[in-house]
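Please look at the sequence and the three-dimensional structure shown below.

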Amino acid sequence: MFGKGVLDVNITWNEKNWNINYELLKTYMTKKKQCPVLSYITDCGVKIGSWISTQRTNKKNNKLDKTKINKLESLTGWFWELDLDEGWNINYELLKTYMTKEKQCPIQSYITDCGVKIGSWVDRQRTDKKNNKLDKTKINKLESLTGWFWDLDEGWNINYELLKTYMTKEKQCPI
């Protein structure tokens with residue numbers, strides 16, 4: 001009898017915990033329209049990115065009930081398996097937004113408001129191109145961005161030319 005009571009409490013607590021995490025995810029996805037990255041932690045300290053990974057694993061292993069599957073699938077931007085091209089395109093759009101606003105590539109440590117380490121992603125694209133692991137379509141998309149460069153010397157030269165043009169026009173160093 002005691003064991004049954006402990007089991008009932010544990011199931012109720014697990015269900016309550018699942019629903020709390022689901023509501024945190026729902027709030028995030030309603031605002032951002034996409035799943036958070038694996039490393040995402042909510043303001044209240046919940047590792048929601050890891051929780052999502054657990055839900056995907058549980059579904060794959062037939063350990064997630066249909067009600068929970070339906071709730072997750074009802075969220076705009078939810079997906080069960082990561083499409084690498086889709087992930088690349090999402091990061092590209094984040095980079096494009098950044099570069100349209102800032103007119104330059106982000107530094108390696110730059111992280112977007114939604115938690116994507118886009119600076120590291122940029123660095124990985126450069127490395128992949130150098131190692132012939134980046135297809136021509138992706139190379140062309142990146143090269144279409146104003147301010148894009150493949151190596152740091154090229155970036156330095158671009159910034160030098162911008163500085164030179166500014167100083168010729170303004171007759172002073174920018175603040």
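Leu-38 is found in the loop between α1 and α2; helices such as these are DSSP runs (H or I, at least four residues; strands are E, at least two), numbered from the N terminus. The model is predicted, and for that reason local features need pLDDT of at least 70 and side-chain atom pairs count only at pLDDT 80 or more, while totals for chains, interfaces and linings use all residues. Residues are numbered from 1 along each chain as its sequence is written, and side-chain values use heavy atoms, with hydrogens and water left out.

Leu-38 is exposed, with a relative accessible area of 56%. Here, exposed means over 50% relative accessible area, buried means under 20%, and partly exposed lies in between (1.4 Å probe, protein chains only). Apart from neighbours within four places in sequence, Leu-38 is in contact with Gly-49, Ser-50 and Ser-53, where contact means heavy atoms within 4.5 Å. Leu-38 and Val-116 stand 78 residues apart in sequence, yet their C-alpha atoms are 9.7 Å apart in space.

Thr-42 is found in the loop between α1 and α2 and counts as buried, at 10% relative accessibility. With neighbours within four places in sequence left aside, Thr-42 is in contact with Leu-24 and Ile-48. Lys-33 is also found in the loop between α1 and α2, but Lys-33 counts as exposed, at 51% relative accessibility. What is the phi of Lys-33? The value is near 65°, which is positive in a residue other than glycine. Most residues other than glycine have a negative phi. Lys-171 likewise has a positive phi, of about 60°, although it is not a glycine. Lys-171 lies in the segment after α7 and is exposed, with a relative accessible area of 68%.

The next subject is the interior. In soluble globular proteins, nonpolar side chains tend to be buried together. A nonpolar core is a set of buried Ala, Val, Leu, Ile, Met, Phe, Trp, Tyr and Cys residues joined through side-chain atoms within 4.5 Å. Which members of the largest nonpolar core touch the most other members? Of its 33 residues, they are Leu-25, Leu-72, Trp-78, Leu-95, Leu-142 and Trp-148. Two or more residues of this core come from each of α1 (2-32), α2 (48-60), α3 (66-73), α4 (84-102), α5 (118-130) and α6 (136-143). Leu-72, when residues up to four places away in sequence are not counted, touches Trp-18, Tyr-22, Leu-25, Trp-51, Gln-55, Leu-64, Trp-78 and Trp-80.

Pro-106 has its place in the loop between α4 and α5 and a relative accessible area of 6%, which makes it buried. Not counting residues up to four places away in sequence, Pro-106 touches Leu-95, Tyr-98, Met-99, Ile-118, Gly-119 and Val-122. Between Pro-106 and Trp-148 there are 42 residues of separation in sequence, and 9.7 Å in space from C-alpha to C-alpha. Asn-91, found in helix α4, is buried with a relative accessible area of 15%. Beyond neighbours within four places in sequence, Asn-91 is in contact with Val-116, Ile-118 and Trp-121.

The second largest pocket holds about 510 Å³ of space. On a 1 Å grid over the protein atoms alone, a pocket is an open set of points with protein on both sides within 12 Å along at least five of seven lines, and lining residues have an atom within 4 Å of a point. Of the 23 residues that line the second largest pocket, Cys-105, Arg-126, Phe-149, Asp-151 and Leu-152 are the closest to its centre. Helices α5 and α7 (152-170) each supply at least two residues of the lining, and α5 gives the largest share, seven residues.

Finally, how many disulfides are there? The count comes to zero disulfides, a disulfide being a pair of cysteine sulfur atoms within 2.5 Å. Cys-44 is in no disulfide, and the nearest cysteine sulfur, that of Cys-35, is 18 Å away. Cys-35 is buried, with a relative accessible area of 9%, whereas Cys-44 is exposed, with a relative accessible area of 56%.

Notes
1 Å grid on protein atoms, 1.4 Å probe; cavity = no way out; pocket = protein on both sides within 12 Å on 5 of 7 lines; lining within 4 Å. Points joined across faces, edges and corners; volume = space filled by probe spheres on them.
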